[in-house]
Amino acid sequence: MQREEKQLEAALEALLQRINDLKTSIRTLLFRLENEYASLSWPSVLDSYAVISGQMNTLLKVMKNDKTPLLRNLIVLPLVLSPDPDEELKQATEGRVVAFSHDITPDMLRTKPDPEVEQRQNQFEQRASQVPPETAQKQINALNKVVNHVLDQITHSREDWENEATVRAAATQTCVIADTQALIAAVGLGKSLKTMPVAAPAQPGPGRAQAGPAPGKTTSTIKTTIKAASQVHPYNR
């Protein structure tokens with residue numbers, strides 16, 4: 001009897017450890033989906049799902065282990081029912097269950113679905129049993145065909161994305177990013193451009209007035225021919 005109790009305690013401890021790991025992974029994923037959805041990438045989500053799937057498989061292996069007793073043969077009975085708050089129960093359930101009262105006990109110790117859920121499940125099973133085997137096999141084959149086609153499309157798309165990413169990474173760079181950014185800053189903002197000095201105008205001699213460029217301006221090198229206003233336009237007859 002003591003040996004069976006020790007095996008049961010060891011099995012329950014192993015199950016609780018695996019369940020806590022699984023709960024932590026699910027909680028982390030939900031937190032990232034709610035708070036980091038803007039920067040969350042699809043590969044990281046797939047990694048999280050892979051971790052959860054691996055933990056589920058580990059939990060099932062522990063439950064199917066030969067050293068784990070058949071939990072379905074055990075009965076859980078409440079020792080004390082009280083509407084008063086229980087701090088240990090609150091801490092063990094992380095605040096989900098405050099008191100082990102008469103109202104919450106049937107839901108916490110339920111080993112079967114709700115009567116409504118169980119009734120609907122029986123209806124679905126009855127409808128499924130009425131389908132002829134040949135028709136069911138045809139539907140299964142058609143569904144498998146569609147699923148395989150979708151998987152092939154996803155696989156080809158993933159291969160194309162990976163090949164495209166590899167080609168982009170291996171492509172030779174044809175420009176220097178730093179020089180391009182410096183050129184854009186110079187054209188758009190005038191950054192790093194040097195100001196050319198302007199020569200001072202010649203001072204006129206005494207008694208003479210000389211026209212020259214205003215201070216701070218450069219003389220235009222474009223020659224303009226100005227015709228007299230009295231010149232007759234060839235089309236003005």
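1. On terms: Ala, Val, Leu, Ile, Met, Phe, Trp, Tyr, Cys and Pro count here as nonpolar, Asp, Glu, Lys and Arg as charged, and the others, Gly among them, as polar. By these classes, the lining of the largest pocket holds 18 nonpolar residues, three polar and two charged. Note that the model is predicted.

2. Size and centre of the largest pocket. Its volume is about 940 Å³. The lining is made of 23 residues. Closest to the centre are Leu12, Leu16, Val76, Met108 and Leu109.

3. Which elements each supply at least two residues of that lining? They are α1 (2–35), α2 (42–63) and α3 (87–92). The largest share belongs to α1, with seven residues.

4. Domains at the largest pocket. Domain 1 (1–74) gives at least three residues to the lining, and domain 2 (75–111) also gives at least three.

5. The second largest pocket. Here the volume is about 270 Å³. Its lining consists of Trp42, Pro43, Leu46, Ile154, Thr155, Ser157, Arg158, Trp161 and Glu162. The top contributor is α6, with six residues. By class, the lining splits into five nonpolar, two polar and two charged residues.

6. Helix packing. Two packed helices are described by the angle between their axes and the distance between the axes. For α1 and α2, the axes come within 10 Å and the crossing angle is roughly 165°. Angles over 145 degrees count as roughly antiparallel, so α1 is roughly antiparallel to α2. The crossing of α1 past α2 is left-handed.

How values were computed:
Residues are numbered from 1 along each chain as its sequence is written. This is a predicted model: local features need pLDDT of at least 70, side-chain atom pairs count only at pLDDT 80 or more; totals for chains, interfaces and linings use all residues. Side-chain values use heavy atoms; hydrogens and water are left out. On a 1 Å grid over the protein atoms alone, a cavity is a set of points where a 1.4 Å probe fits but cannot get out, and a pocket is an open set with protein on both sides within 12 Å along at least five of seven lines; lining residues have an atom within 4 Å of a point. Grid points are joined across faces, edges and corners, and a volume is the space filled by probe spheres set on the points. Helices (H or I, at least four residues) and strands (E, at least two) are DSSP runs, numbered from the N terminus. Domain bounds come from an automatic or database domain assignment. Axes are lines fitted to C-alpha atoms, for helices over the stretch in contact, and angles run from 0 to 180 degrees between N-to-C directions. Angles under 35 degrees count as roughly parallel, over 145 as roughly antiparallel, 65 to 115 as roughly perpendicular and the rest as oblique. A crossing is left-handed if the near helix is turned anticlockwise from the far one by less than a right angle, and right-handed if clockwise.
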